[in-house]
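Walk through this structure with the sequence alongside.

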Amino acid sequence: MNPRLSVVLLALSLAACGSSDPEGPRPTPDAGTSVPDAGTEDAGVPDAGSPDAGPVDSGTPDAGEPDAGPPLVIPNTLSGYGLFTGSPADGGLVPVEGNVPYTLSTALFSDYAVKSRTLYIPPGKTAHYEPMAALDLPVGTLITKTFAFPADLRKPDQDVRYIETRVLVHQPAGWEAWPYVWNTEQTEATLATGGRSRDVTFIDTEGETRSFKYSVPSKNQCQQCHHLLDDQGAQVMHPIGVKARYLHHDNTYGGVERDQLEYLASLGKLDGLPAPADLPKAPDAFDPQAADLTTRARTYLDINCAHCHNPKGTAGVTSQLFLDIGTTSMFSLGECKRPGSAGSGVGGEFDILPGNHAESILWYRLHTEESGKMMPQIGRTVHHAEGSQLIADWIDSLPAKSCK
């Protein structure tokens, strides 16, 4: 383990032990520039349908370990975790030893932001393989996701402005989400529990200039996407992207291409890994050579929508619209299914009208930018042209039929 990270985490843990508060000190208020929170609250519009769903991630996170020790005291700055060296201002923000970079084969869309991700598993602890759900990660795990915008998406490594870094912390009592916003100087990211908004301008892949207000979610808004219902019906936070099917591809470590799951296992940070041929694999949803159209469209819906729209997600329970990769019922996926209370002006009468994307509510909600109608309702401000086109192509490929 990196010595600096060891010292930082030890100091934070000792601070928790010495606190007069039995739950440990609370994070201090955000010390960054005060900008009003522009996060859009989830309207949670329910729709009705069939409970038939097929297999799905159980999504039941580790509720804690009896010998996990005190909770980590949440620092007021990202540098307080000791997870990186340097900053964007000096070309740094390099993960320290033990903080493992990873990528997803298909990632959730976030206004065309360029993202980088890391996974830190404490010394002496190991994650356990799960075939469908997120990896079973031990208490003390830290997951980071950093969002940035290059001036020109066609040159993603040049003139990059960092906006935020989100940190998921596995405390003894469960997972917590903490947003950090980068300052103008790009030297530090500061805790911003109430969220923030930032003006963003960039040139897209077609050479067009895009300008909009990017919303950094508040701590409470993070919970909207990261919650699943446990067996008692309580909402419990859990990670989303760290599933084997999205991690099972190569990344570069020390100049060598290694499968990410195999690499974690080689570090002693992941056990229970089956043979490579038995590992699930999600394709790049936008690579026609990687998989057929249906598989790629289902993968896109799985990573972008299924954390809420599954049998354990609040939106899935209320709507009975299940978009996870395990769902086999076409009705549960939305085919010829009427939403219960979607309201007017949402593109059609059915979630999916086979053969006709223009009259399918599912496509409309992915395509529109109208507040209260777009999906997801937080996490994006502009529509994903490539994603909505993929779903349009898939719906149009379904055998046309009347849903009356």
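Start at Arg-154, which is partly exposed at a relative accessible area of 48%. Here buried means under 20% relative accessible area, exposed over 50%, and partly exposed in between, with a 1.4 Å probe and protein chains only. The model is predicted: local features need pLDDT of at least 70, side-chain atom pairs count only at pLDDT 80 or more, and totals for chains, interfaces and linings use all residues. Residues are numbered from 1 along each chain as its sequence is written, and side-chain values use heavy atoms, leaving out hydrogens and water.

Arg-154 meets Asp-152 in a salt bridge, 2.9 Å from N to O. The term requires a side-chain nitrogen of Lys or Arg within 4 Å of a carboxyl oxygen of Asp or Glu. Asp-152 is buried, with a relative accessible area of 11%. By this rule the count comes to 10 salt bridges.

Another pairs Lys-213 with Asp-199, with the closest N and O atoms 2.7 Å apart. Lys-213 sits in strand 11 (residues 209-216) and Asp-199 in strand 10 (residues 196-203), so the pair ties together parts 14 residues apart in sequence. Helices (H or I, at least four residues) and strands (E, at least two) are DSSP runs, numbered from the N terminus. Lys-213 is partly exposed, at 46%.

Arg-245 and Asp-302 form a salt bridge too, their closest N and O atoms being 3.2 Å apart. This pair links distant parts of the chain: Arg-245 belongs to helix 3 (residues 244-247) and Asp-302 to helix 5 (residues 293-304), 57 residues apart. Both residues, Arg-245 and Asp-302, are buried.

Two strands pair if DSSP finds at least two bridges between them.

Strand 3 is joined to strand 4 (residues 114-120) by 4 bridges. Strand 6 (residues 142-150) pairs with strand 7 (residues 160-171) over 9 bridges, and Thr-146 stands opposite Thr-165. Strand 7 then pairs with strand 8 over 8 bridges. These two form a hairpin with 2 residues between them.

Finish at Gln-186, in the loop between strand 8 (174-182) and strand 9. Gln-186 is buried, at 11% relative accessibility. Its contacts (heavy atoms within 4.5 Å), not counting residues up to four places away in sequence, include Ser-87, Pro-88 and Tyr-162.
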